[in-house]
Amino acid sequence: MREIPVQDVIDAVAAMCIKANTELPDDVRAKFEQAMAEETSASAREVLRQLLENADLARDTKLPLCQDCGLAVFFVEVGDDVRVVGGNLREAINEGVRKGYADGFLRKSSCHPLTRANTGDGTPAIIHFDMVPGDKLKLVYMAKGGGSENMSRVTMLSPAQGWEGIKKFVVERVAEAGPNPCPPTVIGIGIGGTFDHSAKIAKQSLMRRLDDTHPDPDIAAREKELEDALNDLGIGPMGLGGKTTVLGVKITMEPCHLASLPLAVNVQCHSQRHEEVVL
Amino acid sequence: MAEYTLNTPLTDADVEKLKAGDVVFLNGTIYSARDAAHKKLMELLDAGKELPFDLKGAAIYYVGPSPAPPGRPIGAAGPTTSYRMDTYAPRLHSLGLKATIGKGKRSDEVKAAMREHTGVYFGATGGAGALLSNSIVESTVIAFEELGPEAIRAMKVKDFPLLVINDCHGGELYVKPRLDTAG
Ligand code: SF4
């Protein structure tokens, strides 16, 4: 059994939190540049120009890309042949969040749902654990902004509604959200599973690279179909009109109950702040 | 579309000339307030107490900045989504508030209040918090320090880049989604 000292986890998590919040991923930058080349309206181009300048400035000054440094969401894959020694893995991740959000001058946005009192240190992180073969520990972190999360929805469609029903719900959701989630957004879609699982796989979809292609050609084609439909809405950058309403659509599909068609639409910010590390 | 440089406090004449789509570079002092601070402002008004800043001609910025790192007056400071403050904005406009700054759609009630009381809603680029912080030269917490990022701050801004989203004549810049042709 391989052993990883708990401090390695804490340090890796802290570093990921800071990097994701201050460095625009290269696939996102490439999408911004591509959108800039395709947009013809002055306001759409100005928004994209500001987002690129924002990314340069954040990289150079280490200011966060956005003041909302999100709730800290993690997808963790624990190999069967590895364990963390000297402490508990969940607590280590939370400690890493505390350290990263403090050292990186990141905004702590976690609060009591009713009193709204801030927990003060960015925790608790939302952590999804999975057990996988091997002796590695993989940690994927996402800074999940509130403005885009608020525009997300889970619904239980009737099986008869099928793909057309899914498409209608997704298009109407993004149309209704309009300028609120800082478009252009990235849309994670979970189809299948249960009520809760659809939301989880929708979020997990957002950990993919923007420039990848889904290995299943059928799902890849559906992602493209939705992306085109959403961009046809014409909402554009910040809702000012334009061709770029979404930067990408990422679908995860899993089996569901005979009676159900769960659907989750998770909206993510343009800067798609996420990082991963394998220990 | 016109471009203006304006100073706070804003006058009716400043606001009346603005049309949806105009670019405004704002100078002077603006006040940060978001969900929790608005709730507290309402409690003060209900109790007949004085507000921590003068609403007359004021501009409120819906923002909860990240902590200031050493050597900078403020951390990242971009707009938060405005609709959550829609329940509070009409009352503040009726008491002299001239402008709000945020991102995203406003309710019909807020638009009506801006028409009635000569107010304007500015949009700043969402998710460009690092860039926007460059236009904030000074920031001081003036109320509700316990709210942390949600405290009310007096922010001195220099050429803060804004777009008129809703003007006081009923004009709106946001496009309507083309639901008929999509897909
Ligand atoms: S929705 Fe906009 S303001 Fe909120 S976290 Fe995302 S980019 Fe930042």
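1. Let's start with how two helices cross: α6(A) passes α8(A) in a right-handed crossing. A crossing is right-handed if the near helix is turned clockwise from the far one by less than a right angle, and left-handed if anticlockwise. Helices here are DSSP runs of H or I with at least four residues, numbered from the N terminus.

2. This is a predicted model, where local features need pLDDT of at least 70, side-chain atom pairs count only at pLDDT 80 or more, and totals for chains, interfaces and linings use all residues. Residues are numbered from 1 along each chain as its sequence is written, with chains lettered from A and ligands numbered from 1 in the order in which they are written.

3. Back to the pair: helix α6 (residues 162-177) and helix α8 (residues 217-231) of chain A pack at about 35 degrees, with axes 10 Å apart. Axes are lines fitted to C-alpha atoms over the stretch in contact, and angles run from 0 to 180 degrees between N-to-C directions. A:K167, A:V170, A:V171 and A:V174 of α6(A) meet A:L226, A:A229 and A:L230 of α8(A); contact means C-beta atoms, placed from the backbone, within 7 Å.

4. Now the two chains: 37 residues from chain B and 42 from chain A make the contact. On the chain B side, helix α5 (residues 129-133) gives the most, with four residues.

5. Finally, the ligand: the site is shared between chains, because residues from chains A and B surround the ligand. Among them are A:C66, A:D68, B:G78 and B:G126, counted as near if the C-beta atom, placed from the backbone, lies within 6 Å.
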